[in-house]
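Here's a quick walk through this model, starting with its nonpolar packing and ending with its ligand. Have the structure open while you read.

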Amino acid sequence: MIRSVQTTFVIEGLKDKVVIITGGGHGIGKAYCLGFGRAGSRVISADIDGTAAEQVASQITKESATQALAIAVDVADEPSTKAMAAQVLNRFGRIDVLINNAAIFATVPMNRGRIETIDPAEWDQLMAVNLRGLFFCCRAVLSTMRAQKSGKIINIASGTVFAGSPGRIHYVTSKAATIGFSRTLAREVGSDNINVNVLAPGNTLSEENPSEETIRLRQSSAGLRALKRVQVPQDVVGAMLFLASPLSDFMTGQTVNVDGGISFL
Ligand SMILES: NC(=O)c1ccc[n+]([C@@H]2O[C@H](COP(=O)([O-])OP(=O)(O)OC[C@H]3O[C@@H](n4cnc5c(N)ncnc54)[C@H](O)[C@@H]3O)[C@@H](O)[C@H]2O)c1
């Protein structure tokens with residue numbers, strides 16, 4: 001039920017674009033980084049795990065004829081996000097795409113229990129990363145994108161938002177909020193030719209060394225899909241490249257759902 005999917009996409013207009021991917025050190029974010037590298041973009045893998053970000057950047061420069069930069073960032077800390085944007089500008093002189101993918105989810109784990117079991121301190125910490133992080137990263141790049149009169153911001157929701165999902169209500173709430181945030185930001189920045197869209201992955205086997213229990217959890221969605229298999233990180237990369245490319249220049253404020261056909265929006 002788990003099979004390999006296409007990993008290289010050639011999309012006109014992504015070559016040399018400067019693309020920041022937060023949470024780019026692991027999981028789906030790593031797959032985005034490698035996908036943009038193969039498309040010829042200049043990739044910034046930005047992660048709280050600086051070692052993982054470095055490994056991804058060096059994999060990109062080894063396998064693709066493009067440049068890559070690793071940045072250690074805590075998206076929940078505004079000065080850290082400003083330093084990230086400054087470092088990118090210093091190295092590349094522009095910022096074309098920001099993908100707000102970092103979240104408390106698997107690599108930094110969360111309580112997956114019901115509402116009564118969630119510690120309010122964990123609720124606050126999750127909102128600090130998943131939502132304040134989004135707010136801070138957008139603020140860090142917007143003055144550059146406004147001055148360029150171009151830019152693409154892609155925020156990450158989740159299939160759990162559309163049908164609801166028992167357990168981890170803090171996480172699902174944070175992901176639902178990315179949609180309202182993005183619709184509002186799209187209207188605030190559209191006059192500067194900046195697009196803001198959302199990509200919502202379905203239940204994806206993103207863990208590097210998944211436990212038996214995690215594999216079971218990911219396999220549980222396969223039977224619910226129109227396309228009956230386990231979703232892997234590479235399944236989401238094509239839609240992400242599309243949202244970052246000129247092919248989607250007249251799309252903004254939209255949510256693209258990539259889940260193999262579980263929720264039909
Ligand atoms: N895997 C799924 O089933 C699934 C489904 C829907 C949506 N998503 C979303 O996709 C994105 C990637 O998910 P994933 O499965 O790869 O999860 P993951 O936990 O493997 O990846 C998240 C990345 O964010 C980084 N990170 C965590 N806190 C950070 C911080 N404060 N600052 C900077 N980086 C930080 C982690 O180190 C990690 O590299 C997340 O936004 C997640 O909510 C995942």
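The largest nonpolar core in this predicted model has 35 residues. Within that core, Ile 20, Ile 44, Ile 71, Val 88, Leu 98 and Ile 153 touch the most other members.

For a closer look, pick Ile 20. Leaving out residues up to four places away in sequence, Ile 20 touches Ile 44, Ala 46, Met 84, Val 88, Ile 95, Val 97, Leu 98, Ile 99 and Val 141. There's also a second, separate core of 32 residues, and its members include Ala 53, Ile 60, Ile 99 and Met 240.

Now for the ligand. It's surrounded by 28 residues, the closest being Asp 47, Thr 107, Tyr 171, Thr 204 and Ser 206. That shell splits into 14 nonpolar, ten polar and four charged residues. Helices α1 (27–38) and α6 (169–189) each supply at least two of the shell residues.

Here are some of the polar pairings:

| Residue | Protein atom | Ligand atom | Distance |
|---|---|---|---|
| Ile 28 | backbone N or O | oxygen | 2.8 Å |
| Asp 74 | polar side-chain atom | nitrogen | 2.9 Å |
| Asn 101 | polar backbone atom | oxygen | 2.8 Å |

Taken alone, the ligand exposes 820 Å², and the protein buries 98% of that.

Note on methods:
Residues are numbered from 1 along each chain as its sequence is written. This is a predicted model: local features need pLDDT of at least 70, side-chain atom pairs count only at pLDDT 80 or more; totals for chains, interfaces and linings use all residues. Side-chain values use heavy atoms; hydrogens and water are left out. A residue is near a molecule or strand if one of its heavy atoms lies within 4 Å of it. A polar contact is a pair of N or O atoms within 3.5 Å; within protein, one must be able to donate a hydrogen and the other to accept it, and residues adjacent in sequence count only if both atoms are side-chain atoms. Accessible areas come from the Shrake-Rupley method with a 1.4 Å probe; for residues, only the protein chains shown count as cover. Helices (H or I, at least four residues) and strands (E, at least two) are DSSP runs, numbered from the N terminus. Ala, Val, Leu, Ile, Met, Phe, Trp, Tyr, Cys and Pro count as nonpolar, Asp, Glu, Lys and Arg as charged, and the others, Gly among them, as polar. A nonpolar core is a set of buried Ala, Val, Leu, Ile, Met, Phe, Trp, Tyr and Cys residues joined through side-chain atoms within 4.5 Å. Buried means under 20% relative accessible area, exposed over 50%, partly exposed in between (1.4 Å probe, protein chains only). Contact means heavy atoms within 4.5 Å.
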